[in-house]
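Please read them with the structure open.

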Amino acid sequence: MRPRSTLITSLALDEPDLTLLPAARSIEDVARDDPSAIITTPIPFEEGLSKQLAGEIAQKLGFKPESQDKAADIFIKLYQLFKERDATQIEINPLAEVEGGDVLCMDAKLGFDENADFRQAVRPLSLPCSPPGPPRPHC
């Protein structure tokens, strides 16, 4: 499967906005050269990201019609993860639309609020600790 297009998807705690930009360039370069290519969508914290708004974002980003629902579903799930697991940052880089209409998260960076552990019944993710070594309290 070859990517038809790629972009960076990011959510950050300081402003619960969904920020999207072309993946081939750094945000600094895009902001300097073509700030209109950065799409920032405020998300009401209590209401969350609606299916309608997520679909509009996918369409605005140029996803093909057969991929728009899949992209919208990913955006909604990213926001749910962000909110429900006390994330401070979620970045998918790149998010790729591939031939055939699939939308894939190719790589991710996740950050969680360690001060919110008491609100979580389970750890947000069960990932092995790296690098290998002595056990750490958060593992």
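1. Strand pairing first. Two strands count as paired when DSSP finds at least two bridges between them. Keep in mind throughout that this is a predicted model. Strands β4 and β5 (residues 103-105) are joined by 3 bridges and run antiparallel. A96 stands opposite L104 in β5.

2. The turn between these strands deserves a look. β4 and β5 form a hairpin, with 4 residues between them. G100 sits in that turn and has a positive phi of about 100 degrees.

3. β4 has another partner. Strand β4 (residues 87-98) is also joined to strand β6 (residues 108-112), by 5 bridges. This pairing is antiparallel. Within it, I92 is bridged to A108 of β6.

4. Overall layout. The protein chain has 3 helices and 6 strands. Along the sequence, the order is β-β-α-β-α-α-β-β-β. The chain has 139 residues, and 33% of them count as buried. Take the contacts in the chain with a separation of 6 or more: residues 24 or more positions apart account for 50% of them. The chain exposes about 8700 Å², and carbon and sulfur atoms supply 53% of that area.

5. Which residues does S67 touch, leaving aside those up to four places away in sequence? The residues are E97, G101 and V103. S67 itself is found in helix α3. Its relative accessible area is 0%, so S67 is buried; the cut-off for buried is under 20%.

6. Aromatic pairs. The whole structure holds 2 of them. One of these is F63 with F75, an edge-to-face pair. The centres are 6.4 Å apart, and the planes make an angle of 70 degrees. The angle counts as edge-to-face because it is over 60 degrees.

7. What does the F63 and F75 pair tie together? F63 lies in the loop between α2 (51-60) and α3 (65-84), while F75 lies in helix α3, so the pair links parts that are 12 residues apart in sequence. F63 counts as buried, at 4% relative accessibility. F75 counts as buried too, at 0%.

8. Salt bridges. The count comes to 4. Among them is D29 with R32, where the closest N and O atoms are 3.3 Å apart. These two residues are 3 residues apart in helix α1 (residues 27-33), so about one helical turn separates them. R32 also meets D33 in a salt bridge, at 2.9 Å from N to O.

9. Is R32 buried or exposed? R32 is exposed, with a relative accessible area of 58%. D29 counts as partly exposed, at 29%. D33 is partly exposed as well, at 45%.

10. K77 pairs with D73, the closest N and O atoms being 3.0 Å apart. The two residues are 4 residues apart in helix α3, about one turn of the helix. K77 is partly exposed, with a relative accessible area of 49%. D73 counts as partly exposed at 31%.

Note on methods: Residues numbered from 1 in each chain as written. Predicted model: local features only at pLDDT ≥ 70, side-chain atom pairs only at ≥ 80, totals over all residues. Heavy atoms only, no water. Phe/Tyr/Trp six-rings, centres within 6.5 Å; stacked < 30°, edge-to-face > 60°. Buried < 20%, exposed > 50% of the residue type's maximum accessible area, 1.4 Å probe, protein only. Contact = heavy atoms within 4.5 Å. Areas by Shrake-Rupley, 256 points an atom, 1.4 Å probe, with all protein chains shown as cover. Salt bridge = Lys/Arg side-chain N within 4 Å of Asp/Glu carboxyl O.
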